[in-house]
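Visitor: Please take me through one part of this model in close detail. I would like the contact between the two chains, and then what lies on either side of it.

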Amino acid sequence: MSIDALSASRRVPVAQEGTARPSPARLLTRSLGRVLSRYWTVAAFVVAWQLWSWLTGYNQIVVPPPAMVFGDVLGNIGAYLPDLGWTLAMSAGGLVAGMALGTMIAVVVWSSRIVSGMMTPVALVMRSVPVVAMIPVLARVFGYGWFTVLVITTVVSFFPAFVLVGSRLRAAPQATSDLMAVLGASRSTVLRLLLLPHAVPGLLVAFRLTAPTAVLAAMLAEYLMGGRGLGTLFAQSVSFHEVGRAWGAALVATVVSVACFVAARAVERRGTVRFS
Amino acid sequence: MPARSNDLALPTDTEPAIALRGIVKDFPLKRGAAVRALDRLDLEIAHGEFVAILGPSGCGKSTVLRLAAGLEQPTEGEVLVEGRSPAELIRAHRLGVAFQEHALLPWATARNNVALPFRVAGREVDRERVDALLELVGLAGFEDARPRQLSGGMRQRVAIARALALEPDVLLLDEPFGALDAVTRRRMNLELARIWMEQRITTLLVTHDVDEAVLLADRVVVMTGRPGRVLHVQQVEMPHPRGGEVTRDPEFHALVDRLTGMLDDPEPVAATS
């Protein structure tokens, strides 16, 4: 009995400590393990990159090692930030404009069959022609400046919002539509009280799909037309043989695109829960 | 509120609240063929009366309700609600309706869902009435809950409160508890009996649940299978208010058994009537 009691008295506090208050070291290992299990591919990518630059023995001008690129980004962050901010502003502006335009035209198409017949081919053309092919044409029309970058990100952001909002506007639950009919709702009331809120999840999906694309489209336009932004930074660094800077710009662009996607997905999840 | 029923339905004494006369309803199929859902159906409902339509599934009983709600047009015959076409009543926002699906707006709170008819009618939301209705259906304290956070029975309560929001002349209920489990359904039936006692609105209930029909209605209309016709009209004499004890009454069970028998095998009875 005494041995049992002794061992029990010894065991209990240990168990309590283990469950209620994990030591800071264990907490750190646990969260580190979680991060590692989720994002080990990123680490593996950096390792592979390092190995590649070592094993091939290419000149640093061809393949700069990760340390050089990360060093340039972290050490000269001031060289990146203004261009990054500019590109993000262009992306955000185009994203908002494109999604607003897509939603508006989806509503117009919903309200009128004639407009629907007019708009759908135009939207399909905008979708089918690759952005790269559109950029020179748009640049010729709107000039080689920031406005054209904005136009291009708008064009890229337009289509998903147009299609996804449009399909939600036509897919309201039958019982709710019947209810609105019996309550004597006019078409505009149905749109305002039922269809537009019902379309919000579609708009959120469009947002998730478009946010990273808008950043890439802005960079592509900047790369091809010059001016300001990450794309131009990349183009100029390449032409001045600043390999670390060029790769750094690419790295920043990648990280920003992924961050945009993750953020947009979080917004979509929260919003979808709210609206369905 | 007393002047309410006078300003719309003038001949209140002679006209029934709902009248379906000689209704034929065909639904078109492919290649010009049509299926006849209702065949020469006649039905009149008096003011303040609670009528339940009972029938096997697919007999067109929901079509009767959709005709009265103005959601369908009859192929032949006329539908009058308060002496007018349903469309006129809808324009005046005088119809209340609840379906099997609750049809609540998922992004709106219980309070805002009940307030929806006010917003649709372009009237200022009567907050006191909305809260009183939520209390009437037993949802005091859940005003700010969203449909996702409510149980199936609670969602139907919100739907019924919403149907009552604008003090409608006519209440149309299409299997409002059809998606609920038996226990919740029975409780909701008793709740509806209590709510109806307080409101006394002309009500048309469509159901395939015989207990529900007998418990709630002044009159039960049994329909035949497709094409739907009135097979039998059963007056339910038990006095209101009907509580849970009614369901233990032998008279109640005799009535339920008789009506169930008609649903099981309608043809021989149809021959005699």
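Guide: What follows starts at the contact between the chains and then moves into each chain.

This is a predicted model, in which local features need pLDDT of at least 70, side-chain atom pairs count only at pLDDT 80 or more, and totals for chains, interfaces and linings use all residues. Residues are numbered from 1 along each chain as its sequence is written, chains are lettered from A and ligands numbered from 1 in the order in which they are written, and side-chain values use heavy atoms, with hydrogens and water left out.

Start with the interface of chain A and chain B. Chain A brings 20 residues to the contact, and chain B brings 20 residues. Contact here means heavy atoms within 4.5 Å. The size of an interface is often given as the accessible area lost when the parts come together. For chain A and chain B the buried area is about 1,900 Å², and carbon and sulfur atoms give 70% of that. Buried area is the accessible area (1.4 Å probe) that two parts lose on being put together, summed over both. On the chain A side, Leu179(A), Val182(A) and Leu183(A) supply 35% of the area that chain A buries against chain B, more than any other three residues.

Chain A and chain B share one salt bridge. It joins the side chains of Arg66(B) and Asp178(A), at 2.8 Å from N to O. A salt bridge is a side-chain nitrogen of Lys or Arg within 4 Å of a carboxyl oxygen of Asp or Glu. Four residue pairs are in polar contact across the interface of chain A and chain B, both residues being at pLDDT 80 or more. A polar contact is a pair of N or O atoms within 3.5 Å; within protein, one must be able to donate a hydrogen and the other to accept it, and residues adjacent in sequence count only if both atoms are side-chain atoms.

Which elements of chain A carry this side? Those giving two or more residues are helix H8 (174-182), helix H9 (187-225) and H11 of chain A. H8(A) gives the most, with seven residues. Helices (H or I, at least four residues) and strands (E, at least two) are DSSP runs, numbered from the N terminus. By type, the chain A side holds 12 nonpolar, five polar and three charged residues. Ala, Val, Leu, Ile, Met, Phe, Trp, Tyr, Cys and Pro count as nonpolar, Asp, Glu, Lys and Arg as charged, and the others, Gly among them, as polar.

Next, chain A itself. Chain A is divided into domain 1 (2-56) and domain 2 (66-275). The bounds come from an automatic or database domain assignment. The centres of these two domains, taken over C-alpha atoms, are 40 Å apart. Five residues from domain 1 of chain A meet five residues from domain 2 of chain A. Together the two domains bury about 430 Å², 87% of it on carbon and sulfur atoms. Val46(A), Trp49(A) and Gln50(A) supply 87% of the area that domain 1 of chain A buries against domain 2 of chain A. Between these domains the count of salt bridges is zero.

Chain B is also divided in two: domain 1 (14-94 + 168-268) and domain 2 (102-167). Their C-alpha centres lie 24 Å apart. The contact takes 19 residues from domain 1 of chain B and 15 residues from domain 2 of chain B. About 1,400 Å² is buried between the two, with 65% from carbon and sulfur atoms. One salt bridge crosses this interface. Arg157(B) and Glu191(B) also meet through their side chains in a salt bridge, at 3.2 Å from N to O. Helix H8 (residues 182-199) of chain B gives nine residues, the largest share of the domain 1 side that touches domain 2 of chain B.

One last stop in chain B is Lys25(B), in strand E1 (residues 18-28). Lys25(B) counts as buried, at 8% relative accessibility. Buried means under 20% relative accessible area, exposed over 50%, partly exposed in between (1.4 Å probe, protein chains only). A polar atom of the Lys25(B) side chain lies 2.7 Å from the backbone oxygen of Gln73(B). Leaving out residues up to four places away in sequence, Lys25(B) touches several others, including Leu38(B), Thr63(B) and Glu72(B).
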